Each structure stands twice: as C-alpha cells, then as structure tokens.
Amino acid sequence: MTAERDEVSEQEWRGVLARADVLRRLSPRPTAAEISDATKELEVSRATLFRWLKRYRGEERAASLLNRKPGRRAGVDAFGPDLKAIVDDNITNFYATPEKPTLTRLWKRISADCRASGKAPPSIRRLKAYLATLDAEAIVRQREGKSRAEARFLGLPGSFAAERAMQIVQIDHTKVDVTVVDPVERLPIGRPILTIGVDVFTRMVVGFYLSFEAPSVTSVALCLTHAVMDKTAWLAERGITAEWPTSGLPERIHVDNGAEFHARAFKRGCADHGVTLAYRPPGTPRFGGHIERLIGTMMGSVHLLPGTHFSSVADKGDYDPEARAVMTMRELETYLALEIVGPYHGGVHRGLGRPPIAAWHEANPARQERRPRDPLGLLLDFLPFETRVLRRTGIHLHNICYWSDGFAPWIGRSDDKLVVKYDPRDLRRVFVRLGEGYVAAPTRNLLRPAITLWEQRAALRALRARGRREVDEELIFQAIAAQRALVDNAVRDTTEMRKLRARRAHLLERPALPAPIDEQPIALPYFPVEEWE
C-alpha cells in the first residue's frame with residue numbers, strides 16, 4: 001500500500017484525501033440524508049460510496065481509497081483446484097527436498113502427471129510465477145537446510161550490544177586445545193575444560209576457571225566468583241604484575257542452554273544477588289558471538305604451546321600432542337592469565353577499534369560497582385544443594401553422614417527438610433541451612449579422607465557392579481581406599497590413573513579462612529586466603 005501511495009501523482013493523491021475527508025465525516029450509521037449528500041459531493045453512485053466506506057473503515061487509512069490496479073490480486077491461486085493439487089503435491093514431495101531438483105525437472109514431472117490425468121499442463125513460465133507466490137524461506141529450508149535459510153532470510157535488526165560496563169556478561173565453556181601434564185611425574189593427563197566470561201560492552205575478560213570436570217554449576221560458580229573478586233592477590237600469587245581491574249557483580253549473565261546453566265543453584269543464586277539470567281535461543285550461535293570470538297582467540301594462543309591439538313586434523317598432521325605436552329594445569333592457568341592481561345586486554349580489539357583495557361577505564365568511573373559483602377557466601381549460593389531431614393545422627397548425603405554440634409538445638413524440633421549445600425570437589429564438609437545462616441558440618445567420622453563426588457559415584461558404581469545393593473558409608477570408603485591403592489601402584493604410563501591423581505590434587509589442606517562458619521575452619525580450594533580479605 002505504501003508503494004502504491006508513493007507512485008501516484010499529486011493530483012490523484014489530493015483526490016484520495018478529499019474522498020477520505022468526506023468519509024471521515026460520516027457517522028457510524030449514516031442516515032439517508034448523509035448518504036445522499038456524500039454521493040453528490042463525491043459524484044459517485046451509492047454502491048461506490050459504500051465500497052469506499054468499507055475499505056476506509058477497514059484500514060483507517062486514506063491510501064485504502066487508491067484505485068486498485070488491474071490484474072490478478074496477490075494471494076489468488078493461478079491454477080484451478082485439480083491442477084493446483086497436482087502442482088502442490090510435486091512441489092512438496094519432489095521439488096522441496098534435499099536433492100534440490102531444478103525447475104525444469106519439476107515442470108516435466110508435473111506435465112507427465114497432468115497428461116496421465118487428462119489435464120493440460122501449465123507452462124514453465126506460469127509455474128515459475130506460481131513458485132514465486134509461495135513461502136521462499138520454507139522451500140529453501142527444505143532444500144538447503146536451516147542454516148542456509150537463516151543466512152538468506154533471517155533479519156538482523158542490530159548487533160547484540162550493551163550500554164555500559166558489566167551490564168551484560170557472557171559465560172561459556174570449551175575444551176582447551178592442549179594436553180597438560182601432572183605436576184609430579186610430568187606425564188600427560190588430558191585436556192582441561194575452560195569456563196570463561198567476557199563483558200560485552202568493553203570486551204574485557206572478567207574471569208575464568210580451569211578444570212578437568214565436565215561443565216557444571218560448580219565451574220560456573222567458580223568462574224563467576226573469580227569475576228566478582230579483586231584479582232590483585234590472585235595475580236601476585238602467580239607472579240603477574242599487570243593489572244586486571246574487572247570486579248563486581250554483573251547486571252545480567254548471558255548463557256547458552258547447557259544443563260549447568262539451568263541448575264537450580266545457578267538460577268536461584270543469580271536471582272538472589274540481583275543478577276538477571278538470559279538464555280540465547282537454541283541453535284543460534286550468533287547471539288553468543290562475543291564469547292565465541294573470545295574463545296577462538298584464547299584457543300589460537302594455546303596453539304603455540306607444546307602439546308597443542310591445533311584446530312583441525314589437517315593442521316595436526318603427524319604431531320603427537322601427548323608426547324609433546326609439558327605444561328601443568330597451574331602453568332596453563334598462568335599462561336592464559338598472561339595472555340588475557342597482556343596481548344588481549346592491551347591490544348586493539350577489532351570490534352571496538354581500541355584496547356579493551358582503555359574501554360574499561362573510560363567506562364568504569366561512571367559504574368556503580370556491586371560487590372558481595374561475603375564472597376564465600378556468594379560461592380555457597382551457587383553451589384549445588386539437596387534437601388535432607390535432620391536426624392539424630394546428623395545429615396545423610398551421598399551415603400555419608402555429617403555432624404556438627406550446631407545441630408543439637410534443632411534435633412527433634414522439626415520434620416522439615418533442610419537445604420544442604422555441598423562442594424563436589426570435596427565431600428569432607430557440607431553446609432546446612434539452619435535459621436538465618438549456614439552451619440558447616442564435617443563428616444561424622446573425622447578420620448575420613450577427602451574425596452570428590454566423582455570418586456564417591458565411581459565407588460558406588462563399583463559396588464553395585466558386584467551386586468551390593470545395600471550400600472553403606474563404610475563400604476564406600478573401603479572401595480575408595482582400594483581404588484586409590486590401585487592408582488598408587490599403577491604403571492606410570494596409564495593415563496586414566498594419572499587423571500585420577502590429578503582430580504585429587506586440590507584436596508590437600510589449604511590455610512583456613514578467617515571468621516569460619518560455626519567455628520569450623522573452612523579450607524577453600526583454588527583461591528588463596530588473601531583474595532577473600
């Protein structure tokens with residue numbers, strides 16, 4: 001309609017406006033006198049007046065009164081019902097298929113069906129015109145696939161952008177393209193998982209976390225905790241003198257649809273701290289372009305390291321990553337930190353046209369930083385949890401019994417289930433929600449060694465494989481002790497055993513945090529005490 005309006009002459013357009021003015025003055029139910037006056041003023045018949053009135057009131061636009069162009073109106077089928085059935089059947093079942101037949105082959109097939117039915121076939125020109133009236137996107141989707149259809153027909157109204165620093169942070173995971181070695185024997189143990197976050201506005205990396213475990217709510221929580229905290233002590237511990245000024249809670253976290261981002265602990269932790277959680281639509285990687293490009297940049301940097309897996313089999317050639325691997329997990333973590341605070345933050349970003357660190361310093365003075373008062377509490381908020389009833393013997397979780405003297409006033413007072421937070425990396429202690437806070441509860445048997453949830457589940461699987469359905473705590477720790485004995489006596493070139501030792505490396509005792517919960521010293525793996533002060 002707009003195109004028709006712009007194409008008419010000025011004289012014709014003034015006539016249209018005059019008609020609209022007359023019709024606009026008519027009452028909702030015009031009287032005979034009003035109709036008579038209108039027909040005389042417009043010099044048209046009564047039938048024409050009502051036809052114009054119907055069009056004008058239907059669209060409420062003066063342009064609806066433009067003279068209709070002659071010819072077939074849009075949306076009207078070019079074929080009769082019988083011929084249309086033949087044409088549509090061939091388009092659906094022959095033309096709109098991944099084999100992508102040509103228009104000529106479609107016309108020949110339709111012509112053969114028409115002759116068999118005693119009907120005159122359409123011309124190829126008429127068939128082409130009919131195809132033009134159909135949904136082109138649907139046809140391309142059937143013939144060439146979803147990605148090709150979106151590349152041609154999906155509108156891109158603008159880039160995914162933020163208006164200020166820490167307004168939107170994107171977080172994602174990737175398997176690092178390099179094999180690392182264990183710190184003791186320097187033998188290869190596999191490729192770690194990198195969880196990393198980027199500020200969309202400044203393109204600054206806000207935090208990251210390396211792990212051998214599959215992506216989980218714990219890895220997301222540790223990455224977010226790294227993003228929130230001041231990184232001065234963290235950098236100093238690794239001998240890095242460059243600045244990394246990002247800190248504070250983001251306003252919104254933008255993630256994909258991974259299961260770890262849909263975990264209860266993650267969603268509730270974000271909501272509790274006023275962080276909005278946004279998921280990008282499934283199958284639309286373009287909405288996570290900032291984090292995807294950052295991951296590509298980081299992987300490009302590790303391709304220079306011994307033990308790299310490159311980005312393709314063709315690039316790898318005869319290179320043996322396992323034989324060439326030399327870097328430990330800690331060394332890889334330091335290397336990535338140097339890459340982030342040096343070449344990445346200090347170099348010109350193609351999307352910004354300037355270094356990310358410069359964009360951060362310019363934007364940061366106007367930002368009201370939100371920092372949690374209790375960083376350990378923030379980590380607890382994002383740890384996974386279960387609900388359990390407090391028994392006289394304590395809390396039972398993962399077939400392990402936990403006890404704290406803080407339970408005593410609560411025993412027998414309520415049958416309600418309590419929230420029990422746990423760290424999958426260390427099951428020696430859980431955190432039980434009692435009243436307004438958490439009580440740290442160690443294992444009832446204080447002689448129990450530190451074990452991971454991964455080890456606990458492996459022990460259960462081993463016991464059940466032997467037909468032991470009634471599993472108790474003693475059996476679990478006996479099985480883990482036996483497994484560890486096998487690990488310690490295994491040959492050095494057994495990769496799986498080296499991985500198992502690496503998974504337990506972080507369970508060594510760390511300095512206790514100040515102000516422990518429930519007077520139980522809390523050892524926080526990975527981050528030194530200074531980072532929380």
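Contact here means heavy atoms within 4.5 Å. By that criterion, residues 24 or more positions apart account for 63% of the contacts in the chain with a separation of 6 or more. The structure is a predicted model, in which local features need pLDDT of at least 70 and side-chain atom pairs count only at pLDDT 80 or more, while totals for chains, interfaces and linings use all residues. Residues are numbered from 1 along each chain as its sequence is written, and side-chain values use heavy atoms, with hydrogens and water left out.

**Overall composition**

- The chain contains 21 helices and 13 strands; these are DSSP runs numbered from the N terminus, with helices being H or I of at least four residues and strands E of at least two.
- Of the 533 residues in the chain, 46% are buried, where buried means under 20% relative accessible area, exposed over 50%, and partly exposed in between (1.4 Å probe, protein chains only).
- The chain exposes about 28700 Å², of which carbon and sulfur atoms supply 51%; accessible areas come from the Shrake-Rupley method with a 1.4 Å probe, and for residues only the protein chains shown count as cover.

**Nonpolar cores**

- A nonpolar core is a set of buried Ala, Val, Leu, Ile, Met, Phe, Trp, Tyr and Cys residues joined through side-chain atoms within 4.5 Å.
- The largest such core has 33 residues, and those touching the most other members are Ile171, Ile253, Phe261, Phe266, Cys270 and Phe382.
- At least two residues of this core come from each of β1 (168–175), β5 (205–211), α10 (217–228), β6, α12 (264–272), α17 (356–363), α18 (375–382) and β13 (437–442).
- Helix α10 gives the most to this core, namely eight residues.
- Leaving aside residues up to four places away in sequence, Phe266 touches Val217, Val220, Ile253, Glu260, Phe261, Leu277 and Phe382.
- A second, separate core has 31 residues, including Val198, Met298, Leu336 and Ala337.

**Helix α7**

- Leu127, Tyr130 and Leu131 are buried in helix α7 (residues 124–132).
- These residues lie on the same side of α7 because they cover an arc of only 100° around the axis, the arc being that of the directions from the helix axis to the C-beta atoms.
- The buried residues of α7 pack against α5 (81–95), α6 (103–116) and α8 (136–144).
- Arg125, Lys128 and Ala132 are exposed on the face of α7 turned away from its buried side.

**Aromatic pairs and charges over rings**

- A pair of aromatic rings is described by the distance of the centres and the angle of the planes.
- Rings of Phe, Tyr and Trp (its six-membered ring) pair if their centres lie within 6.5 Å; planes under 30 degrees apart count as stacked, over 60 as edge-to-face and the rest as tilted.
- A search of the whole structure finds four aromatic pairs.
- In one of them, Trp234 and Trp244 have ring centres 6.0 Å apart and planes at 80°, so this pair is edge-to-face.
- This pair links distant parts of the chain, 10 residues apart: Trp234 is in helix α11 (residues 232–237), and Trp244 is in the loop between α11 and β6 (252–255).
- Trp234 is buried at a relative accessible area of 1%, and Trp244 is buried at 5%.
- The pair of Trp403 and Phe407 is also edge-to-face, because the ring centres are 5.7 Å apart and the planes are at 90°.
- Trp403 is partly exposed, with a relative accessible area of 24%, whereas Phe407 is buried at 0%.
- Phe208, Trp234 and Trp244 form one aromatic cluster.
- A charge sits over a ring if NZ of Lys or CZ of Arg is within 6 Å of the ring centre and within 35 degrees of the ring normal.
- Lys231 lies over the face of Trp244, at 5.4 Å from the ring centre, and the charged end of Arg444 sits over the ring of Trp403, 5.3 Å from its centre.

**Loop residues**

- Most residues other than glycine have a negative phi.
- Glu43, which is not a glycine, has a positive phi of about 60°; Glu43 is in the loop between α3 (32–42) and α4 (46–59) and is exposed, with a relative accessible area of 74%.
- Lys100 has a positive phi near 55°; Lys100 is in the loop between α5 and α6 and is partly exposed at 41% relative accessibility.
- Trp410 is in the loop between β10 (400–402) and β11 (417–423) and is partly exposed at 39% relative accessibility.
- Not counting residues up to four places away in sequence, Trp410 touches Leu390, Leu434 and Gly435; Trp410 and Leu390 are 20 residues apart in sequence and 8.0 Å apart in space, C-alpha to C-alpha.
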